[in-house]
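Please take a moment with the sequence and the structure below before reading on. The paragraphs after them are meant to be read with the model open.

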Amino acid sequence: MTTDPAAAPDWEKRFRAPRVSLPDWAEDAPDRSLFVSNATGTYELYAWDRASGRQRQVTDRPNGTTDGVLTPDGETVWWFSDTDGDEFGVWMRQPFGGGEDEPAAPGLAPSYPAGLAIGRDGSAVIGRSTDEDGTTVHLVRAPGAEHVEIYRHRESAGVGDLSHDGTLIALEHTEHGDAMHSALRVVRPDGSTVAELDDTEGGTKELGLSVLGFAPVAGDTRLLVGHQRRGRWEPMIWDPVAGTETPLPIDLPGDVGAEWYPDGSALLVEHEFEARSELWRYEPGAAAPVRVDTPAGTVSGATARPDGTVEYLWSSAAQPPVVRSTSGAVVLDPPGAKAPPSVAVEDAWVEGPGGRIHALVQKPATGEGPFPTIFEIHGGPTWHDSDAFASGPAAWVDHGFAVVRVNYRGSTGYGRAWTDALKHRVGLIELEDIAAVREWSVKSGLADPERLVLAGGSWGGYLTLLGLGTQPDAWALGLAAVPVADYVTAYHDEMEALKAMDRTLLGGTPEEVPERFEASSPLTYVDAVRAPVYISAGVNDPRCPIRQVENYVDRLAARGAVHEVYRYDAGHGSLVVEERIKQVRLELEFALKHLGGGPVQGA
């Protein structure tokens, strides 16, 4: 392992390079911002006073912190305190300028978070999720005051937003039992219902809604919401008090989200299509939106400032992330060495059993194919890979591998039908698409069929283990990080919100549809696995709990299968930079040992 950072290989430098998130700013004090950075080697929250330029580290915990919110007046930072990545904890508060942490709502017991909205009068609406109670929402009228429960249901729900004057609370809920498609309810602070918006028709219709935010203007009751009525995500304006719905003529392909400009006069539109994203400005009543100029690649977040400029976090597969402004300036440039660039991504379109599949391909800059090839499968499952900078894939390219990332059925960004295709034959559907792209990669001369690696984290780790068992002749090696390995045990041990998602995907519980859980569980096929398997798992993971991973590993060990397991003291992934580097190094070493090749760079 290299001890001199300057002499470290590029793949390690990409992980260590200081990064920052898009700064969030206080609504009534826009010079006060909050962002996440890995500057200390662990991802933590930082407060930034733009007027003075002063930056201050807010949190300092061994396993990192990423969830934080500024109060509207910018006086206080709220941050979520869990235990070593288990995602179960309480909200804490700290003065913006520094000071002691204290419980933000001392009367509330620890839980999984289910949304937070903070009012201008010091009140807060706090969403909680527990295995015992399902979802509850509580109103805390002032710091330290007693909480009032205003919502409770066994199914998953969450706090969407609080109106400017604090008189309306928007909730997303899945009381109809479909965790993939939320309905909306707007309530008063006493919990009484103002209005409902439900596109599922009681669970018989698969259309979802999402809260994008109340208009940021006093007395304005308009709520910006996302809907799927035209086969994709797009925004509309709903006034729950007036009972009106206003469709918006934003006819862009792919999925469309939006947020308000600070004065409520326009919308900042975020458009995702075919693994790229762009920004637009739309003024209600106009015939069409106007493009906001951004480079080709991926905008991972954007916000409109009070002066009308837009700040956004941008990257591409080749170029590392940077926070930019439409004024032309770099908004927040962390000190220290910059991340080395990687290679650009190429698009591949492959005909599959459910329609055209989009894959993203990166190839080593030198040499000719066929290459050893790693299929790096994204998690989610309702997520997608994009033309964005990623240190993990770049590390494989540096070691001579081609990298293929598949936006299988279930992925977002390709319309509602593509995302919602993932039902009942869970896991098997995605693997059909991955198999089609794998076949293309070999026939096209990109991939060496004898050195194909299936890899991924979370849902990608699940698909890796399932693929090694159901397609044992297709893969030379498997690398599964924080995976679902034993679906039945995972269901019983995971957090309640994920239980609801599994019931939606599979059509019931393991007791109600045992044949579906069996067909979709990697443990069912573990004895068919022939490729060497490397598994990494967080011992505090509430999403892919450790017990079900151990069940799978025990079965591998019982028949002497080639495997290695790495357990680390964190949750669903790590926020510690050196831990991330260690995990990638272990995967590289395992792959090169079994597939042949040179040593890991810097090892």
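What follows goes from the whole chain to its strands, a loop, a helix and the cores.

The model is a predicted one, and its secondary structure comes to 10 helices and 36 strands. A compact globule of 603 residues would have a radius of gyration near 25 Å, and the 24 Å found for the protein agrees with that. Taken along the principal axes, the C-alpha atoms fill a box of roughly 65 × 55 × 50 Å. Of the 603 residues, 57% count as buried, while the protein exposes about 22800 Å², of which carbon and sulfur atoms supply 50%. Among contacts between residues at least 6 apart in sequence, 52% join residues at least 24 apart.

The loop between β5 (68-70) and β6 (76-81) holds P72, which is buried with a relative accessible area of 6%. Which residues does P72 contact, once its neighbours within four places in sequence are left aside? They are A26, E27, D28, A29, I118, G119 and R120. For E27, which lies 45 residues from P72 along the chain, the two C-alpha atoms are separated by 4.9 Å.

An open sheet of 4 strands, in the order β25-β26-β27-β28, is paired in the antiparallel sense. The strands β25 (298-304) and β28 (330-332) stand at its edges, and because each has a single partner strand, one side of each is left without a neighbour in the sheet. Neighbouring strands of this sheet are turned by 35° against each other on average, direction ignored. Strand β27, residues 322-325, pairs with β28 over 2 bridges, and R324 stands opposite V330 in β28.

Strand β34, residues 477-481, runs parallel to β35 and is joined to it by 4 bridges, with A480 as the bridge partner of I535. Strand β36, residues 563-568, is joined to β35 by 6 bridges and runs parallel to it as well, and S536 stands opposite Y566 in β36.

Helix α7, residues 496-506, has 8 of its 11 residues buried, so this helix is largely enclosed by the rest of the structure. The buried residues are E496, K499, A500, D502, R503, T504, L505 and L506, and they pack against β10 (124-130), α5, α6 (487-493) and α8 (514-520). Just after α7, G507 takes a positive phi of about 90°.

In soluble globular proteins, nonpolar side chains tend to be buried together. The largest core here has 56 residues, of which F375, V406, I434, I535 and Y552 touch the most other members. Helix α5, residues 459-470, gives the most to this core, with 6 residues. Leaving aside neighbours within four places in sequence, V406 is in contact with I357, H358, A359, F375, E376, H378, D385, I434 and V437. Apart from this core lies another, of 41 residues, which includes F96, V453, V584 and F590.

Key:
Residues are numbered from 1 along each chain as its sequence is written. This is a predicted model: local features need pLDDT of at least 70, side-chain atom pairs count only at pLDDT 80 or more; totals for chains, interfaces and linings use all residues. Side-chain values use heavy atoms; hydrogens and water are left out. Two strands pair if DSSP finds at least two bridges between them. Axes are lines fitted to C-alpha atoms, for helices over the stretch in contact, and angles run from 0 to 180 degrees between N-to-C directions. A nonpolar core is a set of buried Ala, Val, Leu, Ile, Met, Phe, Trp, Tyr and Cys residues joined through side-chain atoms within 4.5 Å. Buried means under 20% relative accessible area, exposed over 50%, partly exposed in between (1.4 Å probe, protein chains only). Contact means heavy atoms within 4.5 Å. The radius of gyration is taken over C-alpha atoms; the globule rule is 2.2 Å times the number of residues to the power 0.38. Accessible areas come from the Shrake-Rupley method with a 1.4 Å probe; for residues, only the protein chains shown count as cover.
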